[in-house]
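Dear colleague,

Please find below the structure that I am handing over to you. I would be grateful if you kept it open while reading the notes that come after it.

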Amino acid sequence: MADIISNLPDAILCHILSFLQTKQSVATSILSKRWNHLWLSVPTLCFKETVRDRITTSEFNDFVYSVLVSRDFTLPIKTFYLDVTYEFPVPCPIISITKWVNFILQTRVEYLHLHINSWHHPPKLPLTILTCKTLVVLKLYGFSVKDVFSYSSVLLPSLKTLHLEYIRLPKLQDFIMFLSGCPILEDLRTFDVVIGSLNSRSLTCNDWKSFCLSKLTRADIQCGANKPYFPLKALHNTHSLLLRFLQVHYRNDSIPTFHNLTQLKLVSLNYNWRFLVKLLNHCPKLQSLDIDQADVDKKVRTKIDDREDWVDPDFVPQCLSLHLTTCNLFNFLGLQGELLLVSYILRNAEVLQTMKISNVGRKGIRRLISSCPRASTTCQVTIINVSIVQKNRLKKR
């Protein structure tokens with residue numbers, strides 16, 4: 001078997017090595033003369049490490065430097081993956097990371113994944129990333145993005161995928177400038193993106209209200225305290241949309257028509273049924289709907305449900321009568337508003353095929369839901385009763 005693999009062309013062997021961490025790829029150099037320098041041509045560099053003291057910091061830094069300087073600079077590095085955890089009391093060596101990134105940006109990199117988990121304050125993002133013309137995928141975790149306006153412009157002309165997690169920005173304008181520099185962006189994820197000086201005035205600024213990502217087809221957006229109140233208009237072209245509200249409510253007059261949306265998931269909707277129906281009415285082609293009430297305290301949920309009870313609308317959204325085939329309800333408590341929502345969907349969704357309910361609260365909802373009239377004769381309703389103990393076990397996995 002070893003001889004068969006060794007006889008493969010260099011291009012195929014390099015492709016195989018690209019699925020390994022760089023430390024493992026380098027280790028293959030001891031196999032034979034054929035493998036001695038093969039790892040130097042692998043277009044993917046992947047570094048994963050947990051640093052617990054200054055000695056391991058020095059060893060890891062030396063290893064990354066040695067790999068970079070050993071490569072032929074004319075060979076492109078298509079993918080650079082860096083995932084490092086710096087445990088207390090080790091500080092993040094952002095100067096070294098910046099040098100690595102600046103080196104990588106000169107190699108026509110297309111996929112850049114930087115995941116920095118530091119006990120200290122988030123390190124400053126190397127701003128040279130914001131003008132890289134070759135980047136197609138950019139995934140950032142655990143950075144502070146400062147001095148964006150020191151750049152005359154942010155330009156990522158090839159970027160199609162942008163994932164931002166645990167990112168800190170000083171002003172909303174920095175966030176707008178960042179996103180505006182991605183003219184062909186197709187996939188956007190924001191999770192725990194915190195704006196330092198976010199206030200009601202900045203949320204309604206003209207630049208933000210008129211902001212639009214016209215090429216976007218997939219979005220996973222989180223809103224909440226100190227997080228940007230993302231204008232739904234900017235997402236109107238998406239085919240797949242996930243909104244994490246965290247107790248933020250959009251005004252009904254801020255909802256555009258999502259002409260292309262087929263998959264919608266709402267997390268922490270907080271029983272805002274009026275908004276839900278209004279949103280559905282603006283998603284004429286929706287085929288799949290997921291609603292997850294997330295991890296809100298049961299007593300809080302009951303109060304929210306009492307404060308805004310379900311009221312049957314005097315219209316049926318087009319997506320319900322013509323297109324909705326799948327509906328999933330997670331963290332279902334069996335409150336009155338939830339049961340009325342289920343009843344409304346079942347009696348109006350004419351082509352619904354499956355409805356799955358993950359019940360964490362009220363007993364006996366199977367009997368209540370089975371008695372609801374259904375517009376679809378082929379719809380299968382599945383109810384999974386999840387105890388609090390089971391739920392906690394699933395969260396720990």
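Predicted model: local features only at pLDDT ≥ 70, side-chain atom pairs only at ≥ 80, totals over all residues.

Residues are numbered from 1 along each chain as its sequence is written, and side-chain values use heavy atoms, with hydrogens and water left out.

The nonpolar core

In soluble globular proteins, nonpolar side chains tend to be buried together. A nonpolar core is here a set of buried Ala, Val, Leu, Ile, Met, Phe, Trp, Tyr and Cys residues joined through side-chain atoms within 4.5 Å. Buried means under 20% relative accessible area, exposed means over 50%, and partly exposed lies in between (1.4 Å probe, protein chains only). The largest nonpolar core has 112 residues, and the members that touch the most others are Leu82, Leu162, Phe175, Phe230 and Leu235. Another core, of 5 residues, lies apart from it and includes Leu13, Cys14, Leu17 and Leu38.

Aromatic rings

Rings of Phe, Tyr and Trp (its six-membered ring) pair if their centres lie within 6.5 Å; planes under 30 degrees apart count as stacked, over 60 as edge-to-face and the rest as tilted. The structure holds 12 aromatic pairs. One of them joins Phe175 and Phe230, which are edge-to-face at 6.3 Å centre to centre, with 80° between the planes. This pair links distant parts of the chain, 55 residues apart: Phe175 is in helix 6 (residues 172-180), and Phe230 is in the loop between strand 7 (218-222) and strand 8 (240-244). Helices (H or I, at least four residues) and strands (E, at least two) are DSSP runs, numbered from the N terminus. Both Phe175 and Phe230 are buried.

The ring centres of Tyr271 and Trp273 are 5.6 Å apart and the planes are at 80°, so this pair is also edge-to-face. Tyr271 is buried, at 2% relative accessible area, and Trp273 is buried at 2%. Elsewhere, ring pairs join Phe47, Phe60, Phe63, Tyr65, Phe80 and Trp100 into a cluster.

Backbone features

Most residues other than glycine have a negative phi, and most peptide bonds are trans. Phe88 and Pro89, however, are joined by a cis peptide bond, with omega about 5°. Pro89 lies in the loop between strand 2 (79-86) and helix 5 (94-105).

Two residues other than glycine with positive phi may also be noted. Arg108, with phi near 65°, is in the loop between helix 5 and strand 3 (111-118), and is partly exposed at 43% relative accessible area. Asp192, with phi near 55°, is in strand 6 (residues 187-195) and counts as buried at 15% relative accessibility.

Cavities

On a 1 Å grid over the protein atoms alone, a cavity is a set of points where a 1.4 Å probe fits but cannot get out, and lining residues have an atom within 4 Å of a point. There are 2 cavities of 30 Å³ or more.

With kind regards

Notes. 1 Å grid on protein atoms, 1.4 Å probe; cavity = no way out; pocket = protein on both sides within 12 Å on 5 of 7 lines; lining within 4 Å. Points joined across faces, edges and corners; volume = space filled by probe spheres on them.
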